[in-house]
Amino acid sequence: MMTKAIHMKQYVTNPSIFNSIIPIARQFFSTSSAVSALESETGPVQKRFGSFIGVIQDKDLLKKAPNGELLVLYLIDNGAMDPDASLYNQLLKKCTEWKRLKEGKVVHEHFLRSRFRHYVVPNNTLINMYAKCESMDDARKVFDEMPERDMVSWTALITGYSQNEGAEEALVLFCEMVKFGFMPNQFTFGSVLKASGALDNGGTGRQLHGACVKFGYEENVYVGSALVDMYARCGLMDEAKIVFDKLSCKNEVSWNALIAGHARKSEGEIAVKLFSVMTRGGFQPTHFTFSSVYAACASIGALEPGKWVHVHMIKSGLELIAFIGNTLLDMYAKSGSIDDARKVFDRLVQKDVVSWNSMLTAYAQHGLGKETVECFEEMRRIGPEPNEVTFLCALTACSHAGLLDKGMHYFELMKKFKIEPNISHYVTIVDLLGRSGQLDRAEKFINEMPIQPNAAVWKALLGACRMHKNLELGVYAAECVFELDPYDSGPHILLSNIYASAGRRSDAAKVRKMMNEGGVKKEPACSWVEIENAVHMFVANDVAHPQREEIRNMWEKITDKIKEIGYVPDTSHVLWFTDQQEREERLQYHSERLALAFALLNSPPGSPIRIKKNIRVCGDCHTAFKFASKVVNREIILRDTNRFHHFHNGSCSCGDYW
């Protein structure tokens, strides 16, 4: 930052202030000659008043006088300095730069007592200072009391609302501005488009786009980038791409806006391709670019593209700050590489609460209860104070690992940190009790909740009833879910399975009929695997894949081998009115088994296999994968909707507690 200075040549009209000002000036003025000039006046000045010259450096503007006041204001009040409008402006800018709201209010009060209080420029700086310090009520008050406003006044307040979650206020103010005859500039459009994107209001955004064209700003790179971002935040990626392609001059901001839009829509492949085109075009990725691409890769579990982007970041020399490290950690965790996630966590320059929560979430997702508890205790010792997300991660891990006592202890510990449990914490406790087989205790817990249980609470109990084959309570939980969320297919399927497992096939059929009549659609099960940066997707009994014959032959060979070492198909997971042989056959071609066979055919021997599934893995596939990991001598990492399963040498990381 360039050093600014205020040069003073002031006439001191009160000789009594010299003795108090000299020691202060000695600390304040940057040149010794200034102090000497002042000291030279203390003798003769008793008979004649004189002058002195001093230089106030920019860095000294907010220094304090011995009485605690701002030194500049102290000198003004004691007659050692005459104020001017530019001095107030510089003081307010320094308060803005350092986010010093308290000092800014002091300067504001002093400014209001000056003859410059109606000047437009310092008032605009005041609006900007309050906005940057997140004090929008004060910013609006300054704006409303200004006797005269210019374009900067309107833009400063619109920008303040846009940046402080006041999108609606920003849009209303923009309309008022235009009505009063002010012409928007590129900064006004940039802020109001950001506000429109925050509201996901495509209709308003299109109208603003028309205004941009009308005022000739459509191809301005600043406004164009804001348009791309606005359309992307509204989920209108086709419109975002059209605006992007029309930009005659693109920059890193416009590229970031487009990449981030695809990342938010979980379109990881497109985001990675755009990143590649961006870098080939000579644009330098920023922290925001990398963060968006990592988030995109995390959403689809794309490990190899994520690693490639990580290598690119290392080569660029960007520091692994918490902001980007958290998304990188999340990418590795969601792609199945928990060891790489931990390495990123350990290398973070500074760990904030999000960093710790990201690591805890990663451990919880991978079913590593012991490691989650250790990380949580480490955070309590050396990290920031846990928040509600921290406790949710710890409770989830305890639920997945069967750590009942530890989980209940953490739930009670929330009171010590004065954290009020929300509905997610209650859902996790019901899941924790239910998985542990304490269904009556779980029901009692629900009935005693201080807040109204929602569908997720009853779904957790229903899932536990399915696990522990409690028909009566399961039916009751299902009825509660249907009343709160009648169109979710999951609870219907769970209830149907509970009936079928109890041998009540007619009741199971009634639930299926109720689904059909109510228009409740079951999400088709599918699994996918990434091989050489290409994603291959499979459904049950898939006949569409070009390698379908080789895939089936491979799985049949694996089936024969795992049966030799003890695998017995569990046909209770096929709830159809068919004979035993046909039910076994239906089991053998579930989507995750086909994905595994394909990966074995097309990946290097000994390398880990990573499979993703869009619903919960069935119990028989879980058993089959344990045996398969032993006969093929490969680690198999399966991610379903609930968690990761790491199969290795005949066992699973979940310990069969899932």
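Which residues is N123 in contact with, leaving aside its neighbours within four places in sequence? The legends below begin with that residue and then move to other parts of the chain.

This is a predicted model, in which local features need pLDDT of at least 70 and side-chain atom pairs count only at pLDDT 80 or more, whereas totals for chains, interfaces and linings use all residues. Residues are numbered from 1 along each chain as its sequence is written, and side-chain values use heavy atoms, with hydrogens and water left out.

View 1. N123 is found in α6, residues 120-132, where helices are DSSP runs of H or I with at least four residues, strands are runs of E with at least two, and both are numbered from the N terminus. Leaving aside neighbours within four places in sequence, N123 is in contact with F111, R117, H118, V142 and M146, contact meaning heavy atoms within 4.5 Å. With a relative accessibility of 6%, N123 counts as buried; the classes are buried for under 20% relative accessible area, exposed for over 50% and partly exposed in between, computed with a 1.4 Å probe on protein chains only.

**View 2. The second largest pocket and its lining.** This pocket has a volume of about 700 Å³, and 24 residues line it, with K194, D229, R233, V253 and A257 lying nearest its centre. On a 1 Å grid over the protein atoms alone, a pocket is an open set of points with protein on both sides within 12 Å along at least five of seven lines, a cavity is a set of points where a 1.4 Å probe fits but cannot get out, and lining residues have an atom within 4 Å of a point. Grid points are joined across faces, edges and corners, and a volume is the space filled by probe spheres set on the points. At least two lining residues come from each of the helices α8 (151-163), α10 (186-198), α12 (221-233), α14 (252-264) and α16 (287-300), and α14 gives the largest share, 7 residues. By class, the lining comprises 10 nonpolar, 9 polar and 5 charged residues, where Ala, Val, Leu, Ile, Met, Phe, Trp, Tyr, Cys and Pro count as nonpolar, Asp, Glu, Lys and Arg as charged, and the others, Gly among them, as polar.

**View 3. V293 in helix α16.** V293 is found in α16 and, at 0% relative accessibility, counts as buried. Apart from its neighbours within four places in sequence, V293 is in contact with I259, A271, V272, F275 and V309. The C-alpha atoms of V293 and M331, which are 38 residues apart along the chain, are separated by 9.3 Å.

View 4. Strand β3 (residues 526-531) and strand β4 (residues 534-539) run antiparallel and are joined by 6 bridges; two strands pair if DSSP finds at least two bridges between them. The bridge partner of W528 in β4 is M537, and that of V529 is H536. Between the two strands of the hairpin lie 2 residues, and E532 in the turn has a positive phi of about 50°. An open sheet of 6 strands has the order β4-β3-β5-β6-β7-β8, with mixed pairing. Because β4 and β8 (651-652) stand at the edges, each with a single partner strand, one side of each is left without a neighbour in the sheet.

**View 5. The largest cavity.** About 40 Å³ of space lies in this cavity, which is lined by F538, D542, H545, R548, I551, R552 and L594. Helix α30 (residues 548-564) provides the largest share of the lining, 3 residues, and the lining divides into 3 nonpolar, 1 polar and 3 charged residues.

**View 6. Two loop residues with positive phi.** Most residues other than glycine have a negative phi. K418, which is not a glycine, has a positive phi of about 55°; K418 is placed in the loop between α23 (404-416) and α24 (423-435) and counts as exposed, at 78% relative accessibility. N541 also has a positive phi, near 55°, and lies in the loop between β4 and α30, where N541 is partly exposed, with a relative accessible area of 34%.
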